[in-house]
Amino acid sequence: MSKRTRTLWGSLAAAAMISLLPVSGAVADGYWQCVPFARLMSGIQIFGDARTWWSQATGKYDTGFAPKAGAVLCFKPTGRMTLGHVAFVSQVLTDRVIQVTHANWSMMNGARGQVEQDVTVVDVSPAGDWSEVKVWYDPIRDLGSTVYPTNGFIYQNAQATRIAVATSKLALAQNAAVSLAKQAANQVAATVRASSPLDMINQAADNTDRIAALIQAAQGQDDDKAQAPR
């Protein structure tokens, strides 16, 4: 098992055990900002606020106004979105409709910092150049009414594309593992009052073993692909 996998397994195991303790305050299950998530998914190595990505891409990455899977759509700062926004293009459906996977956009289950997979973005610009878009907003289960100005798309280079394929699959697998961890923790917490301390530890161990197996399987798939002949 790799160091990265062991570290994640340990964190999930800790989360399961922490859930057994009395809650004294709100603790976030996980919080993603749009920038690190877009960087992880795309492999585009730009840092800093989302509003700076377009200018930083100059001389480092190709940019343009046509959507491509694997690119990052850069939103201009506007209104309450003062830092801008970046979203990973997961699918191109038509020349004016795409799907993005992005973080910290909709309020979901009353919380921000959530990841939304394959949500719809529509080009509503008069020129059809993706300078203005509408974005799916989960609380209303529809496109929002707000029109957002954008800079355009930052495209992956060849190396970033290969990295993104591997990291995006691992990220989704880890996201599934985190969901399983939450479910396991809730199941364990539900039996706390009727269990002895030893039973509590055994239940947590059983659940985290399932989590570790899921992560190990995901890691193994990535390793197999990396070793396969090209």
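Visitor: What is a nonpolar core?
Guide: A nonpolar core is a set of buried Ala, Val, Leu, Ile, Met, Phe, Trp, Tyr and Cys residues joined through side-chain atoms within 4.5 Å. Buried means under 20% relative accessible area, with a 1.4 Å probe and protein chains only. This is a predicted model, in which local features need pLDDT of at least 70, side-chain atom pairs count only at pLDDT 80 or more, and totals for chains, interfaces and linings use all residues. Residues are numbered from 1 along each chain as its sequence is written, and side-chain values use heavy atoms, leaving out hydrogens and water.

Visitor: Which residues have the most contacts inside the largest core?
Guide: They are Phe75, Ile98, Val121, Val133, Val135, Tyr148 and Phe153, in a core of 18 residues. Strand β6 gives the largest share, three residues; strands here are DSSP runs (E, at least two residues), numbered from the N terminus.

Visitor: And what lies apart from it?
Guide: Another core of 13 residues does, and Ala38, Ile46, Ala57 and Tyr61 are among them.

Visitor: New topic: how many disulfides are there?
Guide: The search of the whole structure finds zero disulfides, a disulfide being a pair of cysteine sulfur atoms within 2.5 Å. Cys34 is in none, and the nearest cysteine sulfur belongs to Cys74.

Definitions and conventions:
Buried < 20%, exposed > 50% of the residue type's maximum accessible area, 1.4 Å probe, protein only. Helix = DSSP H or I, 4+ residues; strand = E, 2+ residues; numbered from the N terminus.
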